[in-house]
Amino acid sequence: MPIDRDERDDVLLSRSAKGDQGAFELLYRRHEGPLYRFALRMTGHRWAAEEVVQEVFMTVIREPKKFDPTRGTLGGFLYGVTRNRVMKHLERTSRDLPLGERTDDGFSPETLTSKEMTPVEWAELHERRAQVRAAVLELPVEFREAIVLCELEEMSYEEAANALSCPVGTIRSRLHRGRALLLAKLEMLREVPRKANAGR
Amino acid sequence: MQDDKEITGRVPMTCEEFVLACPEVRSAPADGALRQAVLEHARQCPPCAALQASLQTLQDDLRYLGLETRQAEAPARVQMRVMQEFRNRHRTEKRRRFVWIGAWGLAAAATVVATVSWTTWRHEKGLSAWPGGLAQAVAMSPANAPTVKSAANGLVIEDTLVASSASGDFTLLPGSTPLPMEDATVIRVQMQRGALGALGFTVNEERASDVIQVDLLVGDDGLPQAVRLPGTSQ
């Protein structure tokens, strides 16, 4: 559905720069979800994603002129700012990759099991997905971004390329390498318990 | 990476092509020929079939991982903080703009007051410099003034060249120092009122073209030291 001219991102941004609270609120509601999910999936922590989203919108409030409509969409710009903040966060904090159940990371394992399962099956599935989550968080940032946007957020290659300001071909190759790395990591993670069991 | 069409155009598919095409098939299931080629290769190549199965599992897991956080949104407290910042920012800006405008308004008003005061002061000072007032001096009719003849050494009023010992009525030109009267000569000349401006006096510009009589107190160096409007001194 086409967006009304008055509700276009650039128009809303210019109105909010002049103090229109309604325009800013609309912008916030339109973009916070995807940005929050991106930050959450990249950092693996709800608190970090909150901090990132807050900083991104603070930047929009304080420096609205940083966005240049001739260089792309506001969505792309916001992804760019979010990405920078995520990078800073990742540089700042040491890696924290608990493989067990996480209660404060914004993920809800309960949603995984829609069909009837035995406790053992559920535990295995739960463990495997925890491993996948951990493996995603361990990926190098550029591959993780591609996986998060294309696989988790289900963006098209073009949308992901726009969000990351890179060519579509780069997204394809990062995805390809990201998947290969994920497979290798998961294989490694699954090998360890197998070897431990074999040793008994 | 190879283009999909390029891959589909070659049958049978190689393992390298399979590795590239396998995820693409899941991403773009509408491409029937490519899908067919991938499935065909997987049937014939057990390692590639295993890879396909692993990729399938991985993509399922990733999809579930995506589903876990599909509805995730920033908590309301983030919006609250951001909106608070927005309000603070714009309230502060509004206040700052008000203060800025006020400050500039005050500065402008102060400048106007200072200019008016200075002009008035200069005007009053100018009037007091002329005994009897500038208005009287200006009111003098040039018709009553003696004629001026041109001489080789300047404008000289022949029949009214006066040597006055009374220097009290003269107003020193800006930058001049008082001279002993015995070294000075008084010369009466006619000039346009505007010329007084060149000597450093304030002149009513509306009447700058009026011709008036002026006594110049000339030093022994030939330069005027002071002026007097003769009609007002006598």
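Predicted model: local features only at pLDDT ≥ 70, side-chain atom pairs only at ≥ 80, totals over all residues.

User: What is the secondary structure of chain A?

Analyst: Eight helices and zero strands. Along the sequence, chain A reads α-α-α-α-α-α-α-α.

User: And what share of the contacts in chain A with a separation of 6 or more comes from residues 24 or more positions apart?

Analyst: In chain A, 62% of those contacts.

User: Switching to chain B. What should helix H3 span?

Analyst: H3 of chain B covers residues 32-44, 13 residues in total. At 1.5 Å a residue it should span 18 Å, and its end C-alpha atoms are 19 Å apart, which agrees.

User: Which residues are buried in H3(B)?

Analyst: Leu34(B), Ala37(B), Val38(B) and His41(B) are buried. They lie on the same side of H3(B), because their arc around the axis is only 100°.

User: Which exposed residues does the face turned away from the buried side carry?

Analyst: On H3(B), that face has Gly32(B) and Arg43(B), both exposed.

User: New topic. How many residues does the contact take from each chain?

Analyst: Chain A gives 41 residues and chain B gives 28.

User: Which helices of chain B each supply at least two residues of that side?

Analyst: Helix H4 (46-68) and helix H5 (76-129) of chain B. H4(B) makes the largest share of the side touching chain A, with 11 residues.

User: What is the makeup by class?

Analyst: The side of chain B that touches chain A has 15 nonpolar, seven charged and six polar residues.

Note on methods. Residues numbered from 1 in each chain as written. Chains lettered and ligands numbered in written order. Helix = DSSP H or I, 4+ residues; strand = E, 2+ residues; numbered from the N terminus. Contact = placed C-beta atoms within 7 Å. Expected span 1.5 Å × (residues − 1). Buried ≥ 20, exposed ≤ 12 C-beta atoms within 10 Å, placed from the backbone. Arc of directions from axis to C-beta. Nonpolar A, V, L, I, M, F, W, Y, C, P; charged D, E, K, R; others polar.
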